[in-house]
Amino acid sequence: MKREKREKAKAPLGAAGILARVILIVLLVYGAVTLYNLQQQIQSAKEQETQLTAQVQDLEDRNSALRADIAAAGDQEKLEDVARDELGMVKSGEKVFYDTNY
């Protein structure tokens with residue numbers, strides 16, 4: 001009786017069994033490819049997150065500098081510095097020397 005069970009277990013699979021194995025292999029390959037693609041998307045999203053975090057930090061730093069400039073807008077020294085450096089203005093009676101060696 002044991003021998004009969006062994007022979008049944010070793011019996012050929014038939015068309016349905018082969019088809020089931022092929023389908024299973026196809027599903028496993030599809031799952032592996034999908035998993036690989038998802039891992040690539042996750043890696044790309046992490047890199048993009050790092051870049052965006054750096055951009056946000058840069059913008060926050062620039063905003064802080066602008067807020068400081070706004071807070072110092074009424075300061076007479078700050079106004080004179082801006083007038084001299086950005087607008088090229090001078091106080092009355094001051095002499096301007098241009099260095100032509102550049």
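Biologist: Why is Glu80 called partly exposed?

Modeller: Its relative accessible area is 27%, and buried means under 20%, exposed over 50% and partly exposed in between (1.4 Å probe, protein chains only). Residues are numbered from 1 along each chain as its sequence is written, and side-chain values use heavy atoms, with hydrogens and water left out.

Biologist: What makes Glu80 and Lys91 a salt bridge?

Modeller: Their closest N and O atoms are 3.6 Å apart, and the rule asks for a side-chain nitrogen of Lys or Arg within 4 Å of a carboxyl oxygen of Asp or Glu. The distance meets that limit, so the pair counts. Glu80 lies in helix H3 and Lys91 in the segment after H3, so the contact ties together parts 11 residues apart in sequence. With a relative accessible area of 43%, Lys91 is partly exposed.

Biologist: How many salt bridges does this rule give?

Modeller: The count comes to 3. Another one joins Arg84 to Glu94, at 2.9 Å from N to O. This pair also links distant parts of the chain, with Arg84 in helix H3 and Glu94 in the segment after H3, 10 residues apart. Arg84 has 33% relative accessibility and Glu94 has 32%, and both count as partly exposed. Lys78 bonds with Asp69 in a salt bridge too, the closest N and O atoms being 3.4 Å apart. Lys78 is partly exposed at 30%, as is Asp69 at 38%.

Biologist: Which residues form the patch of negative charge on the surface?

Modeller: Asp75, Glu77, Asp81, Asp85 and Glu86 gather there. A patch takes residues with over 30% relative accessible area and no salt bridge, joining like charges within 9 Å and nonpolar side chains (Val, Leu, Ile, Met, Phe, Trp, Tyr) within 5 Å. Glu77, in helix H3 (residues 76-85), has a relative accessible area of 58%, so this residue passes the area cut-off and is called exposed.

Biologist: What makes up the nonpolar surface patch?

Modeller: Ile18, Val22 and Val26 form it, at about 260 Å². Val22 sits in helix H2 (residues 14-71) and is partly exposed at 43% relative accessibility.

Biologist: What does the secondary structure of the protein come to?

Modeller: There are 3 helices and 0 strands, running α-α-α from the N terminus on. Helices (H or I, at least four residues) and strands (E, at least two) are DSSP runs, numbered from the N terminus. Buried residues make up 2% of the 102 residues. The protein exposes about 10100 Å², with carbon and sulfur atoms supplying 58% of that area.

Biologist: Where is confidence lowest, and where is it highest?

Modeller: It is lowest in helix H1 (residues 2-9), at a mean of 57, and highest in H2, at 95. These values are pLDDT, the predictor's confidence in each residue, from 0 to 100. For the whole protein the mean is 86, and 87% of residues reach 70 or more. Where pLDDT is low, the predicted coordinates should not be read in detail.

Technical notes
Predicted model: local features only at pLDDT ≥ 70, side-chain atom pairs only at ≥ 80, totals over all residues. Areas by Shrake-Rupley, 256 points an atom, 1.4 Å probe, with all protein chains shown as cover. Lys, Arg positive; Asp, Glu negative; His and termini not counted. Charge placed at Lys NZ, Arg CZ, Asp CG, Glu CD.
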